[in-house]
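Hi,

Here is the structure I said I would pass on to you.

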Amino acid sequence: MWNCKLSHLQSKLQALLKGGVICRTLQQPNFKSSFLLTIHRYHTVSKPLNCAWQQHEDHFELQYANTVMRFDYVWLRDHCRSASCYNSKTHQRSLDTASVDLCIKPKTIRLDETTLFFTWPDGHVTRYDLDWLAKNSYEGQKQKVIQPRILWNAEIYQQAQVPSVDFQSFLESNEGLKKFLQNFLLYGIAFVENVPPTQEHTARLAERISLIRETIYGRMWHFTSDFSRGDTAYTKLALDRHTDTTYFQEPCGIQVFHCLKHEGTGGRTLLVDGFYAAEQVLQKAPEEFELLSKVPLKHEYIENVGECQNHMIGVGPVLNIYPWNKELYLIRYNNYDRAVINTVPYDVVHRWYTAHRTLTKELRRPENEFWVKLKPGKVLFIDNWRVLHGRESFTGYRQLCGCYLTRDDPFSTYLQLPSDV
Ligand SMILES: C[N+](C)(C)CCCC[C@H](N)C(=O)O
Ligand SMILES: O=C(O)CCC(=O)C(=O)O
Ligand SMILES: [Fe+2]
């Protein structure tokens with residue numbers, strides 16, 4: 001182990017002269033001040049530790065795991081996991097962040113094996129494992145996806161031969177549940193079969209993975225073409241692909257459908273992977289993808305039928321992406337429920353219509369359409385933040401039941417499943 005107090009260039013040269021350059025050259029950031037840099041490089045003969053760090057005036061720079069990371073000093077103090085700063089039983093911060101001096105700088109920094117020690121002006125010591133820092137750095141997160149997915153068109157989905165899960169195994173075994181959740185998270189749709197065709201059994205399925213999200217449509221709902229509510233869903237008409245509850249500030253995470261009865265023709269369900277279509281837009285017209293992710297729109301539900309008086313307004317762009325890694329996490333697409341666009345200047349609005357057309361064309365490509373006829377016993381779960389649904393017009397008596405689910409709970413269910421099943 002060695003360290004040296006030299007300018008960047010000098011230390012690079014010295015490292016070269018010494019022969020054993022284990023670390024890649026640090027990328028030189030733009031410095032505001034011209035103070036001397038302290039570059040610490042670490043390697044041992046037996047176990048090379050690919051690590052180098054520098055204490056800058058306003059940040060700490062770490063090169064480790066092939067990544068150059070920069071950490072703000074307040075951040076480093078704020079994330080201290082010592083017993084007085086963090087309760088590891090509740091996984092909650094005890095430190096009052098507002099008590100940290102915004103100009104804080106460590107008095108000393110040292111590395112022991114794989115742990116960095118920061119000693120702060122008041123003597124408090126914060127230790128960080130290098131792997132923890134690498135995992136939790138901005139630079140580390142930037143390279144990661146939050147949710148791995150398999151994007152599909154009809155052919156990809158059909159070729160994948162994703163199996164349905166049996167009702168019994170879904171309810172009674174961790175294996176069945178895990179298989180179901182894995183498929184659901186990867187593809188955004190999943191089926192359970194051999195379900196007794198009742199609303200109660202459908203509810204039991206839903207409650208196995210999540211909490212039922214009660215909405216203006218109730219907790220569990222069942223509907224037929226009786227126009228009991230002021231919405232086209234309650235007719236026999238075809239419905240083009242869309243996501244539901246775009247008019248909520250947070251659209252429902254999951255939609256569950258169970259067709260309890262259909263005596264008639266038509267009524268097939270259409271499923272389209274909205275993220276696959278959006279990915280095509282990103283490839284073909286990245287500036288249109290960006291516009292769809294930036295322009296916020298309103299969606300609206302106005303109902304005045306009998307006792308049902310509702311007026312909901314939800315605001316957000318069509319494509320919602322995480323700003324740090326540009327990963328798409330929510331598509332809000334419902335041309336029926338889109339409200340008046342009055343928050344966008346005319347020239348932007350025109351470009352927005354062009355981008356919306358590009359996305360719509362992708363969503364409407366026949367090869368992206370997966371059609372399925374829902375039958376009693378076969379329950380469909382749809383990720384309403386990703387996969388669009390629609391339906392063919394129909395004749396006769398058709399009864400559908402289902403519910404909306406929260407989004408956070410199925411993830412929590414999945415994360416808690418034992419890893420060995
Ligand atoms: C599912 N259920 C029949 C209860 C409601 C249908 C809601 C339809 C609405 N236009 C939307 O897309 O949100
Ligand atoms: O009737 C159907 O198959 C689905 C209608 C619909 O889009 C909905 O209820 O959200
Ligand atoms: Fe719908």
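Below is what I found, going from the whole chain down to single residues.

First, some housekeeping. This is a predicted model, so local features need pLDDT of at least 70 and side-chain atom pairs count only at pLDDT 80 or more, while totals for chains, interfaces and linings use all residues. Residues are numbered from 1 along each chain as its sequence is written, and chains are lettered from A and ligands numbered from 1 in the order in which they are written.

Let's start with the whole chain. You'll find 12 helices and 25 strands in it; these are DSSP runs numbered from the N terminus, with at least four residues (H or I) for a helix and at least two (E) for a strand. Of the 421 residues, 29% are buried. A residue is called buried when 20 or more other C-beta atoms lie within 10 Å of its own, exposed when there are 12 or fewer, and partly exposed in between, with C-beta atoms placed from the backbone. If you take the contacts between residues at least 6 apart in sequence, 71% of them join residues at least 24 apart. Contact here means that two C-beta atoms, placed from the backbone, lie within 7 Å.

An unreviewed entry puts "domain: Gamma-butyrobetaine hydroxylase-like N-terminal" at residues 54-133. That span is 12% helix and 41% strand, and its end C-alpha atoms lie 15 Å apart. The other feature, also from an unreviewed entry, is "domain: TauD/TfdA-like" at residues 161-404. Here the figures are 29% helix and 32% strand, with 26 Å between the end C-alpha atoms. UniProt positions are in the numbering used here, feature names are shortened, and annotations may be inferred rather than shown by experiment.

Now for the helices. How do H9 and H11 pack? Helix H9 (residues 274-284) meets helix H11 (residues 346-364) at an angle of about 130°, with the axes 9 Å apart. So H9 is oblique to H11. Axes are lines fitted to C-alpha atoms, for helices over the stretch in contact, and angles run from 0 to 180 degrees between N-to-C directions. Under 35 degrees counts as roughly parallel, over 145 as roughly antiparallel, 65 to 115 as roughly perpendicular, and the rest as oblique. On the H9 side, Gly274, Ala277, Ala278, Gln280 and Val281 meet Thr358, Leu359, Glu362 and Leu363 of H11.

H9 also packs against helix H10 (residues 286-294), at about 130° and with axes 5 Å apart. These two are therefore oblique to each other as well. Ala278, Val281 and Leu282 of H9 meet Pro286, Glu288 and Phe289 of H10.

Finally, a few single residues. Asn194 is not a glycine, yet it has a positive phi of about 65°. Asn194 sits in the loop between strand S12 (189-193) and helix H8 (199-209), and it is partly exposed because it has 14 C-beta neighbours inside 10 Å. Phe227, not a glycine either, has a positive phi of about 50°. Look for Phe227 in the loop between strand S14 (220-223) and strand S15 (239-242). Ile302 belongs to strand S18 (residues 297-305), and its C-alpha atom is 8.2 Å from that of Gly230, 72 residues away along the chain.

Cheers
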